Structure formats: structure tokens, C-alpha cells
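Hello,

Here is the structure we talked about. Please open it alongside this note, which goes through the findings.

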Amino acid sequence: AARDITGFAARASNPHVWVYNGGSFNLTIKHNSGSSSAGNKVLGRGNADTVLTPGTAVHLFDSTAAGSVWVVLTDTL
């Protein structure tokens, strides 16, 4: 079934993360979701959710400059 991700825990050492959808259904990374704490939220490009269809990926950056939130740098592969 399709799934939503509302945020990611902060990383101390490497602030870059790639998320790959290896499943058969869409994976949605929610933009600025109220279901995550402030430091775990994701800011999507264009203030929108990021939808990963099967076989696609997204590059995220843990940005202290943007208020300690994750920022989508690249939509999908």
C-alpha cells in the first residue's frame, strides 16, 4: 500500500540522505507535516509533498540554516 513519511530524525555526522522507493506503491514525503516534531520536518520543493513512484529517489539535506529541518534538494531520479 502507499505510505506517507512525515519526517526524519536529525543526523549528527552526515546531513545528506537519499531515500529510494524500492516498493511497488507510491511513497509520499509530506511537506512541513504537523505529525513530526519541528526538527524532523521536511520542506518540499515548491512547498509541496514529494511523491516517489516505484524506482525513484529523493535527496534530502538536514539544514540548520532553514531552521533545523530537512530540505528536498532533488525531487526524484
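**Findings**

Asn32 is partly exposed, with a relative accessible area of 39%. (Buried means under 20% relative accessible area, exposed over 50%, and partly exposed in between, using a 1.4 Å probe and protein chains only.) Asn32 sits in the loop between E3 and E4. Its phi is near 50 degrees, a positive value in a residue other than glycine. Asn47 also has a positive phi, about 55 degrees, and is not a glycine. Asn47 lies in the loop between E4 and strand E5 (50–52). It counts as exposed, at 62% relative accessibility.

**Ground rules**

This is a predicted model: local features need pLDDT of at least 70, side-chain atom pairs count only at pLDDT 80 or more, and totals for chains, interfaces and linings use all residues. Residues are numbered from 1 along each chain as its sequence is written, and side-chain values use heavy atoms, with hydrogens and water left out.

pLDDT is the predictor's confidence in each residue, from 0 to 100. The protein chain has a mean pLDDT of 88, and 90% of its residues reach 70 or more.

**Strands and sheet**

The protein chain has zero helices and seven strands. (Both are DSSP runs numbered from the N terminus: helices are H or I with at least four residues, strands are E with at least two.) Four strands form an open sheet in the order E2-E6-E7-E4, with mixed pairing. (Two strands pair if DSSP finds at least two bridges between them.) The edge strands are E2 (16–20) and E4 (42–43), and each pairs on one side only.

E6 and E7 run antiparallel over five bridges. There, Asp62 stands opposite Trp70 in E7. E4 and E7 (residues 69–74) pair in the parallel sense over two bridges. Here Val42 stands opposite Trp70.

**Core**

Which residues make up the largest nonpolar core? There are eleven: Phe8, Val17, Val19, Leu27, Ile29, Val42, Leu52, Val58, Leu60, Trp70 and Val72. (Such a core is a set of buried Ala, Val, Leu, Ile, Met, Phe, Trp, Tyr and Cys residues joined through side-chain atoms within 4.5 Å.) E2, E3 (27–29), E6 (57–63) and E7 each give two or more residues to this core.

Take Leu27 from that list. Leaving aside neighbours within four places in sequence, Leu27 is in contact with Arg3, Ile5, Val19, Asn21, Thr50, Val51 and Leu52. (Contact means heavy atoms within 4.5 Å.)

**Aromatic pair**

The structure holds one aromatic pair. The ring centres of Phe8 and Trp70 are 6.1 Å apart and their planes are at 70 degrees, so the pair is edge-to-face. (Rings of Phe, Tyr and Trp, the last by its six-membered ring, pair if their centres lie within 6.5 Å; planes under 30 degrees apart count as stacked, over 60 as edge-to-face and the rest as tilted.) Phe8 lies in the loop between E1 and E2 and Trp70 in strand E7, so the pair ties together parts that are 62 residues apart in sequence. Both Phe8 and Trp70 are buried.

**Whole chain**

Buried residues make up 32% of the 77 residues in the protein chain. Among contacts between residues at least 6 apart in sequence, 61% join residues at least 24 apart.

Best wishes
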